[in-house]
Amino acid sequence: MVHAWPELDPALMAPVAEREQLREVVRDLLRKHADHEQVRAAAGSTGGYSADLWRRLNAELEVGRLAVPEQVGGHGFGIADLAVVLEECGAALLPEPVLSSAVLGCQALAAADQPAGIGDLLEPALAGDAVVAVSLGGSRLTAERAGGEWLVSGRRERVLHGAAADLVVVDAATPEGIALFVLRADDLAVTER
């Protein structure tokens with residue numbers, strides 16, 4: 001079952017003191033650790049981002065936990081708070097997987113029908129210890145039962161932070177319909193272009 005975002009009231013995006021404080025905290029961190037040369041070096045590195053800054057964003061700001069419900073290990077803040085972090089990361093041109101992992105990846109894992117069943121995957125994602133990429137739509141993937149496990153087959157291109165991902169959430173066609181699967185990067189064939 002896929003969960004949809006609730007309808008948002010535009011007033012939720014209006015500036016409020018707490019969000020402006022969050023904005024300043026994010027800006028201060030990025031001023032210290034993500035100047036133009038640091039961002040350029042991170043983007044040109046083998047991983048395509050700074051692992052040090054990614055750890056810092058998760059240790060100091062807990063970006064992965066920010067908008068995830070408290071009952072599954074998050075802080076339960078809203079999308080407007082997450083938007084502040086994304087705006088500041090975008091303004092700094094960060095190549096870190098904030099959108100792909102901290103937002104989309106953690107939200108996809110947290111929305112699982114049985115979050116307890118993926119706790120061993122969710123907690124490292126929330127802590128920033130695992131990078132999660134999400135690939136929905138695009139070319140069709142199929143999934144079939146093979147013994148007690150699922151075998152997902154097919155090809156997806158242009159997966160945001162796919163080469164750096166530890167986990168990839170994909171949609172695939174099963175005999176019962178479309179379902180979401182979490183794939184470990186070690187089990188995938190990944191090529192960079």
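**Ground rules.** I number residues from 1 along each chain as its sequence is written, and side-chain values use heavy atoms, with hydrogens and water left out. Since this is a predicted model, local features need pLDDT of at least 70 and side-chain atom pairs count only at pLDDT 80 or more, while totals for chains, interfaces and linings use all residues.

**Helix 5.** I started with helix 5, residues 98-110. Helices here are DSSP runs of H or I with at least four residues, strands are runs of E with at least two, and both are numbered from the N terminus. I looked up the bend and found a kink of about 25 degrees, centred on Leu104. The bend at a residue is the angle between axes fitted to the seven residues ending there and the seven starting there.

Next I checked burial (buried is under 20% relative accessible area, exposed over 50%, partly exposed in between, with a 1.4 Å probe and protein chains only). Ten of the 13 residues of helix 5 are buried, among them Val98, Ala102, Cys106 and Leu109. What do the buried residues of helix 5 pack against? I get helix 3 (51-60), helix 4 (79-91), helix 6 (119-127), strand 1 (132-135), strand 4 (167-174) and strand 5 (177-184). Contact means heavy atoms within 4.5 Å.

**Ser100.** Ser100 sits in helix 5 and counts as buried at 2% relative accessibility. I left aside neighbours within four places in sequence and listed its contacts: Gly105, Val132, Ala133, Val134, Leu160 and His161. With His161 there is a side chain to side chain polar contact at 2.9 Å. A polar contact is a pair of N or O atoms within 3.5 Å; within protein, one must be able to donate a hydrogen and the other to accept it, and residues adjacent in sequence count only if both atoms are side-chain atoms.

His161 is buried at 19% relative accessible area, and its phi is positive, near 60 degrees. That made me stop, because most residues other than glycine have a negative phi. Gly162 is in the loop between strand 3 (149-153) and strand 4 too, buried at 13%. Its C-alpha is 9.0 Å from that of Val131, 31 residues apart along the chain.

**Glu62.** Glu62 also has a positive phi, about 50 degrees, without being a glycine. I placed Glu62 in the loop between helix 3 and helix 4. Is Glu62 buried, partly exposed or exposed? Partly exposed, at 28% relative accessibility.
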